[in-house]
Amino acid sequence: MGDLISDLLTLRGPARYQRLIHAVREHVPCDSAVLLRREGNDLVPIATDGLVPEGSTQRFTIEEHPRLAQFVRERRPVRISNPELPDPFDGLIGNDSPLGRVHACAGCAVEFRGEVIGVLAVDAIASDALDDVDHELAAFASLAAIALRTEALEERLELETLRAGDLVRGERCA
């Protein structure tokens, strides 16, 4: 886990999130893992592993997807046991069963200072695959929060650096 934390702090952009999702797939018995960033009322995939390419380009409006809405609302690891709730990733898992149905789903809100900034979701074809993954999901959701927050801070620092450079250039021209 130490290498993962180091990678999350040193990798930049999409590589950071792909490293995290790859680690989720290594430690959680799932067929797909997705890290979604919250943008207003939508969740947007920023890293996926195990989904077909179309799965990484969709936007998911939270209130239109009961499973994702439950992850956001509960703010703790949740295993969805109601098979009647539609799964937003049905038919998108790369090694999907012929029926194209997810049989186990779990997820966790990614929070920073009490605000949900994303969701970590995992799906499995085997119905019992995610029975005991709460601790892992909570740990990976915390790491995802660190990664998302680090990116936001880096972007802010880059913007401030550009502004400072503009100020210096402006003073030289005056």
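Leu130 is buried, with a relative accessible area of 0%; here buried means under 20% relative accessible area, exposed means over 50%, and partly exposed is in between (1.4 Å probe, protein chains only). Before going further, please note that this is a predicted model, in which local features need pLDDT of at least 70 and side-chain atom pairs count only at pLDDT 80 or more, while totals for chains, interfaces and linings use all residues. Residues are numbered from 1 along each chain as its sequence is written, and side-chain values use heavy atoms, with hydrogens and water left out.

**Around Leu130**

Where does Leu130 lie? Leu130 sits in the loop between β6 and α4; such helices (H or I, at least four residues) and strands (E, at least two) are DSSP runs, numbered from the N terminus. Setting aside residues up to four places away in sequence, Leu130 touches Val28, Pro29, Cys30, Arg79, Ala104, Cys105, Ala106, Val122, Asp123 and Ala124, where contact means heavy atoms within 4.5 Å. From Leu130 to His103 the C-alpha to C-alpha distance is 9.7 Å, and the two are 27 residues apart in sequence.

**The nonpolar cores**

Leu130 is also among the residues with the most contacts inside the largest nonpolar core, along with Val28, Leu35, Val110, Val122 and Phe140. That core has 31 residues; a nonpolar core is a set of buried Ala, Val, Leu, Ile, Met, Phe, Trp, Tyr and Cys residues joined through side-chain atoms within 4.5 Å. At least two of its residues come from each of α2, β1 (32-39), β2, β5 (104-112), β6 (115-124) and α4 (134-173). Helix α4 gives the most, supplying eight residues. There is also a second, separate core of 21 residues, which includes Leu51, Phe60, Leu92 and Ile93.

**Helix α3 and its cover**

Which residues of helix α3 (residues 66-74) are buried? They are Arg67, Leu68, Ala69, Gln70, Phe71 and Val72. What covers these buried residues includes β1, β2, β3 (60-61), β4 (78-80), β5 and β6. After α3 comes Arg75, whose phi is positive, near 60°.

**Charged pairs**

Side chains of opposite charge can pair when their charged atoms come close. A salt bridge here is a side-chain nitrogen of Lys or Arg within 4 Å of a carboxyl oxygen of Asp or Glu, and by this rule the model has nine salt bridges.

| Pair | N to O distance |
|---|---|
| Arg25 and Asp49 | 3.1 Å |
| Arg37 and Glu39 | 3.9 Å |
| Arg76 and Glu74 | 3.1 Å |

The bridge between Arg25 and Asp49 links distant parts of the chain: Arg25 is in helix α2 (residues 14-27) and Asp49 in strand β2 (residues 42-49), 24 residues apart. Arg25 is partly exposed, at 26% relative accessible area, and Asp49 is also partly exposed, at 22%.

Which residues are linked in a network of salt bridges? The network joins Arg37, Glu39, Asp42, Arg59 and Glu151.

In the last pair of the table, Arg76 counts as partly exposed at 44% relative accessibility, and Glu74 is partly exposed at 30%.
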